[in-house]
Amino acid sequence: MTNTFDKDTLISLFNQTFLTLRNTQLVCCEDEPIYRPADPNNNHPHHRIIFAHGFFASALHETAHWCVAGSKRRLLEDFGYWYQPDGRSPQQQAEFERVEIKPQALEWIFSLSAGFPFVFSADNLAGNAVPSKSFQQNVLKQVGIYLTQGMPEDAQIWSQVLLNHYQPEYQLSASLFKLPS
């Protein structure tokens, strides 16, 4: 098992897998994560998943969003997703949690595949929000669905790449995923 979680290894693994397969590369580092589709007119022939500050968790989270997005949304900046910045109201936070179930479920799978600790994110520091128990339960339920009914194709590929590199003898199962006490 390889337990060094450096960004360069993760970038290399992703780009070796998806640069040719999906014309997509993982790129570090900006202050805020963003997805930018290919733009040959501006010298960017590849789609780019840009993660924040070189954080391993940010890279896993952004690749999860990419896996959920699907081919049509991958042609839009930031996949055309709604995003309300930090400081969301309780209603906006509830909407955030609703749309984050699938990405955070995949991020958890990717984290476990790499042997990296997963932490639920409310992504709302100014609003003093913490991930709700119902959100955590919904994410866990989605993990179970993905593991029994299948993940999106690119998520399955990425999880296997992470397993092969970080934990080649490891087998994912729903019983390995536990909510924090």
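# Reading a predicted model: burial, sheet and helix packing

Modeller: Glutamate 100 is buried, its relative accessible area being 5%. The model is predicted. The residue belongs to helix α3, which spans residues 90–114.

Colleague: Which residues does glutamate 100 touch, leaving out those up to four places away in sequence?

Modeller: Glutamate 100 touches His61, His65 and Phe135. With histidine 65 there is also a polar contact between the side chains, at 2.9 Å.

Colleague: Is phenylalanine 118 buried or exposed?

Modeller: The cut-off for buried is under 20% relative accessible area. Phenylalanine 118 has 16%, so this residue is buried. Phenylalanine 118 sits in the loop between α3 and α4, the latter covering 133–149. Leaving out residues up to four places away in sequence, phenylalanine 118 touches Gln104, Glu107, Trp108 and Ser111.

Colleague: How far is the C-alpha atom of phenylalanine 118 from that of histidine 61?

Modeller: The two C-alpha atoms are separated by 10.0 Å, while the residues are 57 apart along the chain.

Colleague: Now the sheet. What is the order of its strands?

Modeller: The order is β1-β3-β2 in an open sheet of 3 strands, and the pairing is mixed. β1 (24–30) and β2 (34–36) each have a single partner strand and stand at the edges, so one side of each has no neighbour in the sheet. On average, neighbouring strands are turned by 25° against each other, direction ignored.

Colleague: In what sense do β1 and β3 pair?

Modeller: Their pairing is parallel, over 6 bridges, with β3 formed by residues 47–52. Cysteine 28 stands opposite phenylalanine 51 of β3.

Colleague: Which strands does each of helices α1 and α2 lie across?

Modeller: Helix α1 (residues 7–22) lies across β1 and β3 and runs at about 145° to β1. Helix α2 (residues 56–73) lies across β1, β2 and β3, at about 145° to β3.

Colleague: How are two packed helices described?

Modeller: The description uses the angle between the axes and the distance between the axes. For α2 and α5 (residues 153–166), the angle is about 150° and the axes are 9 Å apart. Angles over 145 degrees count as roughly antiparallel, and α2 and α5 are therefore roughly antiparallel to each other.

Colleague: Which residues of α2 and α5 meet?

Modeller: From α2 come Phe56, Leu60, Thr63, Trp66 and Cys67, and from α5 Asp154, Ala155, Trp158, Leu162 and Tyr166. The residues of this contact comprise 8 nonpolar, 1 polar and 1 charged.

Note on methods: Residues are numbered from 1 along each chain as its sequence is written. This is a predicted model: local features need pLDDT of at least 70, side-chain atom pairs count only at pLDDT 80 or more; totals for chains, interfaces and linings use all residues. Side-chain values use heavy atoms; hydrogens and water are left out. Two strands pair if DSSP finds at least two bridges between them. Helices (H or I, at least four residues) and strands (E, at least two) are DSSP runs, numbered from the N terminus. Axes are lines fitted to C-alpha atoms, for helices over the stretch in contact, and angles run from 0 to 180 degrees between N-to-C directions. Contact means heavy atoms within 4.5 Å. Angles under 35 degrees count as roughly parallel, over 145 as roughly antiparallel, 65 to 115 as roughly perpendicular and the rest as oblique. Ala, Val, Leu, Ile, Met, Phe, Trp, Tyr, Cys and Pro count as nonpolar, Asp, Glu, Lys and Arg as charged, and the others, Gly among them, as polar. Buried means under 20% relative accessible area, exposed over 50%, partly exposed in between (1.4 Å probe, protein chains only). A polar contact is a pair of N or O atoms within 3.5 Å; within protein, one must be able to donate a hydrogen and the other to accept it, and residues adjacent in sequence count only if both atoms are side-chain atoms.
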